[in-house]
Amino acid sequence: MANSAPSGPSDYNTKIIEEFRAKGGHVGGPWAGITLILIHHIGAKSGIERVSPLAYSLQGDGRFAIWAANGGSPGHPNWYYNLKADPRIKVEVDTQTFTVLAQELDDTARAELWPKLLAQYPQLSEAQAKTTRQIPVFMLTRQD
């Protein structure tokens, strides 16, 4: 896309994205063994495409759960607002790129899935303990 930008002011995400693409969806370091997805989202205010590497949980049937933990910060990450504004996005999983529809789970669906996410990613408990906000969970559903 012509109006594309790295996802942040630092090189951190850029290096993860480059390694992800070079190694067919796998990265090392602190992300070794974590299943990562690259989400392409359009800035709600800027209109600029950004790419963010996120952990995900495969849910089957072309569905992927992601969560807006933001390291337990008091506010949601920027990509949260971008998905709310434009939920039809491209993602990269392993070596595939495809379109998904991102839908934030309601309280009931989130409450059902949350214990499974905590079992898979125990560090989510730490992030939730750092903030008073409920960490939102999105379901990404493959569209093609």
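## Pocket lining and sheet of a predicted model

By class, the lining of the largest pocket comprises 17 nonpolar, twelve polar and four charged residues, where Ala, Val, Leu, Ile, Met, Phe, Trp, Tyr, Cys and Pro count as nonpolar, Asp, Glu, Lys and Arg as charged, and the others, Gly among them, as polar. The model is predicted, with local features needing pLDDT of at least 70 and side-chain atom pairs counting only at pLDDT 80 or more, whereas totals for chains, interfaces and linings use all residues. Residues are numbered from 1 along each chain as its sequence is written, and side-chain values use heavy atoms, with hydrogens and water left out.

The largest pocket has a volume of about 880 Å³, a volume being the space filled by probe spheres set on grid points that are joined across faces, edges and corners. A pocket is an open set of points, on a 1 Å grid over the protein atoms alone, where a 1.4 Å probe fits and with protein on both sides within 12 Å along at least five of seven lines; lining residues have an atom within 4 Å of a point. There are 33 lining residues, and L54, N70, G71, P77 and W79 lie nearest the centre of the largest pocket. The elements in the table each supply at least two residues of this lining, and the largest share, five residues, comes from β2. Helices (H or I, at least four residues) and strands (E, at least two) are DSSP runs, numbered from the N terminus.

| Element | Residues |
|---|---|
| α1 | 12-22 |
| β2 | 49-55 |
| α2 | 78-85 |
| α4 | 123-129 |

Seven strands form an open sheet in the order β2-β1-β5-β6-β7-β4-β3, with antiparallel pairing, two strands being paired if DSSP finds at least two bridges between them. The edge strands, β2 and β3 (57-60), each pair on one side only. β3 pairs with β4 (residues 63-67) in the antiparallel sense over three bridges, and L58 stands opposite F64 in β4. Helix α3 (residues 107-120) packs on the sheet and touches β3, β4 and β7, contact meaning heavy atoms within 4.5 Å.

L36, in strand β1, is buried, with a relative accessible area of 3%; buried means under 20%, exposed over 50% and partly exposed in between, for a 1.4 Å probe and protein chains only. Leaving aside neighbours within four places in sequence, L36 is in contact with I16, F20, V27, W31, L54, A55, Y56 and E92.

How values were computed:
Axes fitted to C-alpha atoms, helices over the stretch in contact; angles between N-to-C directions.
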